[in-house]
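Dear colleague,

Please find below the structure for your work. The findings follow directly after it.

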Amino acid sequence: MEQIISADIVDKDNAARAADLKRDYDSLGERLDRRGIAVDAISDKVEKFAVAIPSWGVGTGGTRFARFPGAGEPRDIFDKIEDCAVIRQLTQATPTVSLHIPWDKADPNRLKQAASRFGLGFDAMNSNTFSDASDQKLSYKFGSLSHADAGTRRQAVEHNLECIEIGKTLGSKALTVWIGDGSNFPGQVNFAKAFERYLDAMKEIYAGLPGDWKLLTEHKMYEPAFYSTVVQDWGTNYIIAKELGDKAFCLVDLGHHAPNVNIEMIVSRLVQFKKLGGFHFNDSKYGDDDLDAGSIDPYRLFLVFNELVDAELAGAEGFDPAHMLDQSHNVTDPIESLMLSAVEVQRAYAQALLVDRQALEGYQDTNDALMATQTLKAAYRTDVEPILAMARLNTGGAIDPVATYRAAGYRAKIAAERPAVAGGGGGIV
């Protein structure tokens, strides 16, 4: 397997940190042992945990107002794959890439070959009917799968079916569908008719799924339509999954909810009724900010994973959620942000594994609210950094991914190789 960052650089940086890591890991192990927890067992689970990288995440993002290009931006999907390979090499937590079509459209066999050089696979395929491609006949300005025009709906359905065909060659096993359909003014659309058209179109897409695939539908409260959105909340998303069939599941993006919504309870409901498909991890302060995972509300991320680990340990039927980062990096190096986000998701998972579930259940059954919440806090407050770093070291990654990345000078190297991109436009890449 080809490695972009020299193994000598990784080994040198690890060697400088290994002794301290061993002491920290052993010290944490002793403290966890007093709580009846085996540190190696937690580390083993963390080593197996993976989160997918979105191809678009390695480019520099933007807002509705402007986009300021970063040095060494990827020129195409093949540059993106190389950047994803760096993240995978240093974190050992991101073995798959999620493609967005038509942004990443290329010969599928060439894509597969490019990814295999670095030991990368492909996660869910993502369709795009929320913007217009240059060669597109009909516009999605007023919607796609719910559009009043049958020809536009047909075009959107065919695009999703094409994504499935590309994914079959790549070895993907899922299609994620998010639409921007909605309205900006009261009376602009008939809510019921628009949703009926959407369901009819989705049934055609669902019929095109291979037997071993999943269809993941994503809800979002608002944007780009600001008055109404066709798939606006988890309840509507659940209705869609139930209407479509056993291969349809709900995808939860942490930024797609109203402020202060209890996302972890939504997760519990979807697990309970066997319709949780997976996550797009990011963080937010005001809306769908697409900030780095764990950068604003790490406790919420932990509480989400508390529900996921509870389901995992209980052996919940059909429980196999997909994990992916979905972020827009406007002022940071996207590779650094994605590496740290992958680590933050692992951190929340490791902390959730430390919850004393027997004690928690006892406090819940006796209505001891104070001790129940303190049981969660005890796990959350535990510094699991030595576990995360040891998991990376054991699997061939970097003890400190960002420090190793900077020591390798990768950003400066690709900035010299890739032409500078002009700024000015808005939107994500």
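This is a predicted model: local features need pLDDT of at least 70, side-chain atom pairs count only at pLDDT 80 or more; totals for chains, interfaces and linings use all residues.

Just after helix 11, Asn-367 adopts a positive phi of about 60°. At the start of helix 11, which spans residues 357-365, a side-chain oxygen of Asp-356 comes to within 3.4 Å of the backbone nitrogen of Gln-358.

A positive phi also occurs at Asn-260, where the value is near 75°. Asn-260 is situated in the loop between strand 10 and helix 8 (263-272). As background, most residues other than glycine have a negative phi, and most peptide bonds are trans.

The bond from Glu-223 to Pro-224 is cis, with omega near 5°, and Pro-224 belongs to the loop between strand 8 and strand 9 (228-229). The bond from Ile-101 to Pro-102 is likewise cis, with omega near 15°. Pro-102 is found in the loop between strand 3 and helix 4.

Ile-101 leads on to the sheets. It stands opposite Ser-127 of strand 5, and two bridges pair strand 3 with strand 5 (residues 125-127) in the parallel sense. These strands belong to an open sheet of seven strands, ordered 3-5-6-8-10-11-12 with parallel pairing. Its edge strands are strand 3 (100-101) and strand 12 (322-325), each of which pairs on one side only.

Helices pack on this sheet. Helix 9 (residues 298-314) touches strand 11 (276-281) and strand 12, and its direction makes about 160° with that of strand 11. Helix 6 lies across strand 6 (174-177), strand 8 (214-218) and strand 10 (248-253), and runs at about 155° to strand 8.

There is also an open sheet of three strands, with the order 1-2-4 and parallel pairing. Strand 1 (53-54) and strand 4 (121-122) stand at its edges with a single partner strand each, so one side of each has no neighbour in the sheet. Strand 1 runs parallel to strand 2 (residues 96-98) and is joined to strand 2 by two bridges. Within this pairing, Val-97 in strand 2 is the bridge partner of Ile-53.

Two helix pairs remain to be described. Two packed helices are described by the angle between their axes and the distance between the axes.

Helix 6 (residues 191-207) packs against helix 7 (residues 234-244) at an angle of about 45°, with the axes 10 Å apart. The crossing of helix 6 and helix 7 is right-handed. On the side of helix 6, the contact is made by Phe-195, Tyr-198, Leu-199, Met-202, Lys-203 and Tyr-206. Helix 7 contributes Thr-236, Ile-239, Ile-240, Glu-243 and Leu-244. By class, this contact of helix 6 with helix 7 comprises eight nonpolar, one polar and two charged residues. In general, an α-helix has 3.6 residues a turn, so residues three or four places apart point the same way.

Helix 3 (residues 77-91) and helix 4 (residues 108-116) pack at an angle of about 25°, with their axes 10 Å apart. Helix 3 and helix 4 are therefore roughly parallel to each other, since angles under 35 degrees count as roughly parallel. Helix 3 passes helix 4 in a right-handed crossing. In this contact, Ile-77, Phe-78 and Ile-81 of helix 3 meet Arg-110, Leu-111, Ala-114 and Ala-115 of helix 4. The residues of the contact of helix 3 with helix 4 comprise six nonpolar, no polar and one charged.

With kind regards

Note on methods: Residues are numbered from 1 along each chain as its sequence is written. Side-chain values use heavy atoms; hydrogens and water are left out. Two strands pair if DSSP finds at least two bridges between them. Helices (H or I, at least four residues) and strands (E, at least two) are DSSP runs, numbered from the N terminus. A polar contact is a pair of N or O atoms within 3.5 Å; within protein, one must be able to donate a hydrogen and the other to accept it, and residues adjacent in sequence count only if both atoms are side-chain atoms. Axes are lines fitted to C-alpha atoms, for helices over the stretch in contact, and angles run from 0 to 180 degrees between N-to-C directions. A crossing is left-handed if the near helix is turned anticlockwise from the far one by less than a right angle, and right-handed if clockwise. Contact means heavy atoms within 4.5 Å. Ala, Val, Leu, Ile, Met, Phe, Trp, Tyr, Cys and Pro count as nonpolar, Asp, Glu, Lys and Arg as charged, and the others, Gly among them, as polar. Angles under 35 degrees count as roughly parallel, over 145 as roughly antiparallel, 65 to 115 as roughly perpendicular and the rest as oblique.
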